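Q: Please take a close look at one helix in this model and at what surrounds it. Then follow the charged pairs elsewhere in the chain.

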Amino acid sequence: RSPRYRLEVLPPDAWAGHVADRLVERLTARPTLRICLPTGDTPTPLYDALVGRGAPFGGAEVLLLDEYLGLSEDDPARAGERLRRELIDRLADPPAAYHPIDLAGPPDQAAGRHDVLAAAGLDLTLVGIGRNGHVGFNEPGSDADSETRVVALAAESRQVAEAYGASEGPRSGITLGLRRLLESAEIWLLATGRSKAEILARALEGPETPQVPASFLRRHHRLTVLADEAAATRLTGRPSS
Ligand code: F6R
């Protein structure tokens, strides 16, 4: 059957500018956009491009997708700080509200508070894809109805955290659950680089399975996949199910 999602494939050097232009369009059309944003290496050039374009975030609300537990407050890998550093603090027109995951108190309660913020409604959710198929920290084994929760990180995610500069490999995190992500009015799946080619093909064209949590994004009726040519090399355009 033909894919239900929309796929846009861009040359690597045009990817960030293209996604930024689309996001500026959304913000212009709906200044009060409630948007969920990821961190990681994929969106970094996108955030640069948004800053360069003077993206009009002023009426918008930004919620963070996920956060590590067990890192000190000033750890450079902390997602809340990373998004602040790469985007929020650099915007001439910063969002009316920025909601990193507030880690005060017991982690379960922190997850619960963040879930309430997301449950109020997300217009647009941007996610990356892990090389193990995770979205947010919905690691392999996560079902489509998984809740916002405290999660044990997969070994691969711990290594990536260290590559992001974490002083010690965090073992757990808080993530918006797939259920909440699938409630967002619109989802953009971002993938760049050759290292994502195999997993992107499994997520889009393999079976929908908890082993590849990103595969569940195909259930959404407004999913746009924004890939660069390197990440799209393994796509055939034929989903299996
Ligand atoms: C980040 C996140 C993760 C990353 C994924 C890809 O907030 O939730 O799912 O999107 O691990 O990471 P990068 O972009 O560094 O390849």
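A: This is a predicted model. Start with the buried residues of α4: they are A110, A111, H114, D115 and A118. Around the axis they cover an arc of only 135°, which puts them on the same side of α4. That buried set packs against several elements. The strands are β2 (34–37), β3 (61–64), β5 (97–99), β7 (149–152) and β8 (172–175). The helix α6 (178–183) is a further partner.

The length of α4 fits its residue count. Its 13 residues should span 18 Å at 1.5 Å a residue, and the end C-alpha atoms are 18 Å apart, which agrees. After α4 comes G121, with a positive phi near 120°.

Now H114. This residue sits in α4, which runs over residues 107–119. Its relative accessibility is 3%, so H114 counts as buried. The cut-off for buried is under 20%. The H114 side chain reaches the backbone oxygen of L64 at 2.6 Å. Leaving aside neighbours within four places in sequence, H114 is in contact with L63, L64, H99, P100, I101 and L176.

Next, the charged pairs. Side chains of opposite charge can pair when their charged atoms come close. The structure holds 21 salt bridges.

One of them joins R22 and E8, with the closest N and O atoms 2.8 Å apart. The pair links distant parts of the chain: R22 belongs to helix α1 (residues 12–29) and E8 to strand β1 (residues 6–10), 14 residues apart. R22 counts as buried, at 12% relative accessibility. E8 is buried too, with a relative accessible area of 10%.

R90 forms a salt bridge with D48, and again the closest N and O atoms are 2.8 Å apart. R90 lies in the loop between α3 (79–86) and β5, and D48 lies in helix α2 (residues 44–52), so the pair ties together parts that are 42 residues apart in sequence. R90 is partly exposed at 37% relative accessibility. D48 is partly exposed, with a relative accessible area of 37%.

The last pair leads back to α6. R179 forms a salt bridge with E147, the closest N and O atoms being 3.1 Å apart. R179 is in helix α6 and E147 is in the loop between β6 (124–127) and β7, so parts 32 residues apart in sequence are tied together. Salt bridges that share partners join D115, E147, R179, R180 and E183 into one network. D115 is also among the buried residues of α4. R179 is partly exposed, with a relative accessible area of 32%, and E147 is partly exposed at 38%.

Definitions and conventions. Residues numbered from 1 in each chain as written. Predicted model: local features only at pLDDT ≥ 70, side-chain atom pairs only at ≥ 80, totals over all residues. Heavy atoms only, no water. Helix = DSSP H or I, 4+ residues; strand = E, 2+ residues; numbered from the N terminus. Buried < 20%, exposed > 50% of the residue type's maximum accessible area, 1.4 Å probe, protein only. Polar contact = N/O pair within 3.5 Å; in protein donor to acceptor, adjacent residues only side chain to side chain. Contact = heavy atoms within 4.5 Å. Expected span 1.5 Å × (residues − 1). Arc of directions from axis to C-beta. Salt bridge = Lys/Arg side-chain N within 4 Å of Asp/Glu carboxyl O.
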